[in-house]
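Subject: Structure handover

Hello,

Here is the structure I promised to pass on to you. Please open it alongside this email, and keep it in view as you read.

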Amino acid sequence: MPSMTGHAAAVPQRASTGALLDRFSYDDDIVRKFLFATLLWGVVGMLVGILIALQLANPFFNFNTPWLSFGRLRPLHTNAVIFAFAGNAFFTGCYYSTQRLLKARMFSDGLSRFHFWGWQAIIVAAALTLPFGFTQAKEYAELEWPIDIAIAVVWVAFGVNFFGTIAKRRERHLYVALWFYIASIVTVAILHIFNNLSIPAGPLKSYSIYAGVQDAFMQWWYGHNAVAFFLTTPFLGLMYYFMPKAADGPVFSYKLSILHFWSLVFMYIWAGPHHLHYTALPEWASTVGMLFSVMLWAPSWGGMINGLLTLRGAWHKVSQDPILKFFVVAITAYGMSTFEGPMLSIKSVNALTHYTDWIIAHVHTGALGWNGFLTFGMIYWLLPRLFQTEIFSKKAMEVHFWIGSIGIVLYVVAIYSAGVTQGLMWRAFDETGRLAYPDFIETVLKLMPMYWMRVVGGTLYFVGILIFGWNILMTWARRPKSYAVPVIEAAPLRGAYAPAHDPAHDGVPVPTSLRRRFVGVQWHRRWERAPLLFTVLTVLAVVVASLFEIIPTFLIKSNVPTIASVKPYTPLELAGRDIYIAEGCFNCHSQMIRPFRYETERFGEYSKPGESVYDHPFLWGSRRIGPDLAREGGKYPDLWHVRHFENPRNVIAKSIMPSYSQFLRTDINFEQIQTRVDVMVMLGVPYGDAVTRAPQLAREQARSIGAAIAEQGGPKDLEGKQIVAIIAYIQRLGRDIKANATASAAGVN
Amino acid sequence: MKLSDIMGNAGLSMYAQVALVLFLAVFVAVIIRTWAPSRRRELHDAAMLPFNDELPASRGQES
């Protein structure tokens, strides 16, 4: 019966063909596992968030304990909420929806379990290394190389499991949510591998193979796309599945969702350089980043409108259904943060907002609103289905919704105001043309009321997640003794595809003209049915864009003019730099002075690309909670730094910096320095003499700095302590271009 | 001579424009294809997929 073939493929379940149907069941056990992991890491990550918010409001909350200090915990917070909370939330929804959209159980239960336990082990490894100062110093890519390898292995296992499921699917068409999952999985793999290329210098220490401008470029290519392909596209996939489910109607426009997908894949990958406006990055690159960021406005809003209008005809349900409330706020937050993102990437706006709290407010609109609320809505929708019982308390869902919403508003309004306030104070001149607030600390103290308001907002949001957790556990407690596992029946795909809607069947004549053939030829349909080709094309879009943007800075000389007087760090300075990295100083101090008068007046000569050619990794920073340090060398005597590290409030009365008195007690590991220098040499840093006698050179320099401190009236026993190394590094910062004004003329442009 | 010297002198700047045009062309093609009238029904079916995913043999369809 050849004429029936097409319809059988489109409508698999038919009583008459029952004998041909496969019988199988979905693996919901793995979904439940990921759900509990989402809850656990959500609580942990947000608790750390509250602690670091308190630390900024009052340095007391650093508890004078190195592993609890802000610089070390801030990466723990970001990693926990992004990769642990949002990551597990994505896996929860992905495992649930993928099986159902493909009408197939996951390819391998073993791989699912490996993915689950592997991912949790990685999170635990992060929690055990970041607070102890093991970090690569790249935002959202802080984890050291052994953990990076583990991430790659687990991610590949996830990919194999996911694509294996696609291969054995029983639904020909890949629903748009799956496209978003595919793009996320392949792009995250590419981003992760290329940004983390580094050479190990010990079991938990490595140096990025890139330096300075190139490292910054790679990092923000990664950093921005981590936001795009870990927090945006996976969650859009979830939105396109769970929003129609919750609203009980199809997505507003499937066509718009296709456009949404391809626009994001084409454009997102270019946007990274907007994190580096007015830095030493070549201007063409930052202009490209700005243009594509502004263009992203359109598809992002198209997607938001598509999500919200899915509720057409169902708006009356929103007031009754807390799940829909969560989704509406989540999608609105997506709209707000994707409005704000392009705006912040416009150079003149960025000049005000870069390095300020505005960026922190922006990401929290996205994280708390979009990722958080979408996760909550999705999990509430899943609870009765996964635990096969009524949800424990609908009232608690309402309370969670309102307390969470108020928390977001308090957080975002406070920190947005803090950002604008500080940005304006930095650039204010008085009537005589001098900086109106020359003391950096003035611009910090102004923010204290807003920092306390953030603590309150964050705590409210956290209380919300506790209510959420309690509701989950109480629902779980009411689960049946054993879960019913429904058996699903669906027809397997046939080898050869016959279109479900053959034009001949619909009475449409075969197209004759070229245009009609183009329109009628089923090429996009074939992509959707050929996941391998589809994936290759997505990768192509991402890789080609990345190469065109990144390669020129590596290969075209004029992009990074070198400066002859810039020399590598001495072995002791390198050791000090490693301490600076371990303590996470770059989380609060930038090393990148922008070419504005209000920056050069405050910090000194603006930073040049040639100055960081030996910086593996770059340490330009992205936020100034403290002052920029690019020209810190020589500003204060050594003894000032000793007193300052011992307790910053010794010299700056109301500083919010944690104390680093351990530097005065901890010995420098001189022997280790040789390994570090050796790796730098492998990376092409010209170390000359130090290649063979790094520890000896370091000891000599340490002795002279120790003597200088003693001479200035400081403690006399410091020459072997870490304080000497970090002072050596700080005193070196930004001095090379002053040493010799004759810069080489490598800059062609 | 380093690789960067060779690349710097190769005059590759127009490749970026070629890529831009190619990207744009593919993008326009996707738009035309997506809004082609002939696909209306197929895309409507695709949009209904999330509701077509619970077909249990031993349990009624989820509401």
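Below are some notes on how to read the model, followed by what turned up in it.

The model is predicted, so local features are given only at a pLDDT of at least 70 and side-chain atom pairs count only at pLDDT 80 or more, while totals for chains, interfaces and linings use all residues. Residues are numbered from 1 along each chain as its sequence is written, and chains are lettered from A, with ligands numbered from 1, in the order in which they are written.

**Confidence**

The scores for the model are ipTM 0.78 and pTM 0.89. Among the elements of chain B, the lowest mean pLDDT, 67, belongs to helix α1 (residues 3-9), and the highest, 88, to α3(B). Residues 58-63 of chain B have a pLDDT below 50, and beyond near neighbours in sequence this stretch has five contacts in the model. Contacts here are pairs of residues whose C-beta atoms, placed from the backbone, lie within 7 Å. Where pLDDT is low, the predicted coordinates should not be read in detail.

**Chain B**

Chain B has three helices and zero strands, in the pattern α-α-α along the sequence. Helices (H or I, at least four residues) and strands (E, at least two) are DSSP runs, numbered from the N terminus. Of the 63 residues in chain B, 14% are buried. For burial, other C-beta atoms within 10 Å of a residue's own are counted, with C-beta atoms placed from the backbone: 20 or more is buried, 12 or fewer is exposed, and in between is partly exposed.

Helix α3 of chain B covers residues 40-47, and its buried residues are L43(B), A46(B) and A47(B). These three lie on the same side of α3(B), because they cover an arc of only 100° around the axis; the arc is that of the directions from the helix axis to the C-beta atoms. On the face turned away from the buried side are the exposed residues R41(B) and H44(B). Part of what covers the buried residues of α3(B) comes from chain A, including α8 (254-267).

**The two domains of chain A**

The domain assignment gives chain A domain 1 (32-311 + 321-477) and domain 2 (571-739); such bounds come from an automatic or database domain assignment. Taken over C-alpha atoms, the centres of the two domains of chain A are 32 Å apart. Contacts link 43 residues of domain 1 of chain A to 47 residues of domain 2 of chain A. On the domain 1 side of chain A that touches domain 2, at least two residues each come from α3 (70-102), β2 (198-202), β3 (205-208), α7 (212-247) and α15 (440-445). The most come from α3(A), with five residues.

The largest nonpolar core has 214 residues, and F327(A) and A330(A) have the most contacts inside it. Such a core is a set of buried Ala, Val, Leu, Ile, Met, Phe, Trp, Tyr and Cys residues joined through C-beta atoms within 7 Å. The element that gives the most to this core is α7(A), with 23 residues. The core lies between domain 1 and domain 2 of chain A, because both give residues to it. Leaving out residues up to four places away in sequence, A330(A) touches G369(A), W370(A), F373(A), L374(A) and G377(A).

**Some places to look at in chain A**

- Helix α25 (residues 722-732) of chain A is largely enclosed by the rest of the structure, because 10 of its 11 residues are buried. What covers the buried residues of α25(A) includes α20 (571-582), α22 (638-646) and α24 (690-711) of chain A. After α25(A) comes G734(A), with a positive phi near 75°.
- E599(A) sits in helix α21 (residues 597-603) of chain A and is buried, with 22 other C-beta atoms within 10 Å.
- P449(A), in helix α16 (residues 448-477) of chain A, is partly exposed, with 13 other C-beta atoms within 10 Å.

Best wishes

Notes
Contact = placed C-beta atoms within 7 Å. pLDDT = per-residue confidence, 0-100.
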